[in-house]
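Please read the numbered points beside the sequence and the model.

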Amino acid sequence: MNTGELLISFALALPLFAAVATYAVGRMPDVRETLTLVATIGLVIVTLSMAVRTGAGTPPQLVLARPLEGLELAFRLEPLGALFALMASVLYAHFMVEHYRGHHPRAATPDDPASARCGESLWRFLPRTLA
């Protein structure tokens, strides 16, 4: 197994492992969020490594099967996909922690930055919720 195949395997397995581990810890929010952040850091490192390889002209690929001559069932990373994967892996961790710790306990109250005030326009709400 070469480096590209290993990176794609980690990128596929790490979120699955994190989901199972998160389910296993149940209702312990501190442990759950620690697992989320550790998995995210690992996923960012893997995704960054894949993006660097893609930018260098050697995109990683993982061929799962070759059922017919000239036909492959494979994962290949495209340059735009590498950029999207990197952005998503970084932004999702922030969303998870903020959503469960910030929004859920304060939903639809004046303390919740993710809920618009009564009568508030979209353009007044957007800067406050994105900050």
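1. A cavity is here a set of points, on a 1 Å grid over the protein atoms alone, where a 1.4 Å probe fits but cannot get out; lining residues have an atom within 4 Å of a point. Grid points are joined across faces, edges and corners, and a volume is the space filled by probe spheres set on the points. The model is a predicted one, in which local features need pLDDT of at least 70 and side-chain atom pairs count only at pLDDT 80 or more, while totals for chains, interfaces and linings use all residues. Residues are numbered from 1 along each chain as its sequence is written, and side-chain values use heavy atoms, with hydrogens and water left out.

2. By this rule there is one cavity of 30 Å³ or more. The largest cavity holds about 40 Å³ of space. Its lining is made up of Arg32, Glu33, Thr36, Met96, Val97 and Tyr100. At least two lining residues come from each of α2 (29-55) and α3 (79-106); helices (H or I, at least four residues) and strands (E, at least two) are DSSP runs, numbered from the N terminus. By class, the lining of the largest cavity has three nonpolar, one polar and two charged residues, where Ala, Val, Leu, Ile, Met, Phe, Trp, Tyr, Cys and Pro count as nonpolar, Asp, Glu, Lys and Arg as charged, and the others, Gly among them, as polar.

3. Strands β1 (residues 61-68) and β2 (residues 71-76) run antiparallel and are joined by five bridges; two strands pair if DSSP finds at least two bridges between them. Leucine 62 has phenylalanine 75 of β2 as its bridge partner, and alanine 65 stands opposite leucine 73 in β2. Two residues lie between the strands of this hairpin, in which glycine 70 has a positive phi near 85 degrees.

4. Which residues form the largest nonpolar core? The eight are Leu7, Ile8, Ala11, Val46, Met50, Leu62, Leu77 and Ala82. Helices α1 (3-25) and α2 each supply at least two residues of this core, and α1 gives the most, with three. Such a core is a set of buried Ala, Val, Leu, Ile, Met, Phe, Trp, Tyr and Cys residues joined through side-chain atoms within 4.5 Å; buried means under 20% relative accessible area, exposed over 50%, and partly exposed in between (1.4 Å probe, protein chains only).

5. Leucine 77 is in contact (heavy atoms within 4.5 Å) with Met50, Ala51, Thr54, Pro59, Pro60 and Ala82, residues up to four places away in sequence being left out.

6. The loop between α3 and α4 (122-130) contains glutamate 120. Glutamate 120 counts as partly exposed because its relative accessibility is 22%. With residues up to four places away in sequence not counted, glutamate 120 touches Phe125 and Arg128.

7. Proline 113 is also in the loop between α3 and α4, and counts as partly exposed because its relative accessibility is 28%. Leaving aside neighbours within four places in sequence, proline 113 is in contact with Glu98, Arg106, Phe125, Arg128 and Thr129. Proline 113 and leucine 130 are 17 residues apart in sequence, and their C-alpha atoms are 8.5 Å apart in space.

8. Is alanine 108 buried or exposed? Alanine 108 counts as exposed, because its relative accessibility is 70%. This residue has its place in the loop between α3 and α4. The phi of alanine 108 is near 60 degrees, a positive value in a residue other than glycine.

Methods:
On a 1 Å grid over the protein atoms alone, a cavity is a set of points where a 1.4 Å probe fits but cannot get out, and a pocket is an open set with protein on both sides within 12 Å along at least five of seven lines; lining residues have an atom within 4 Å of a point.
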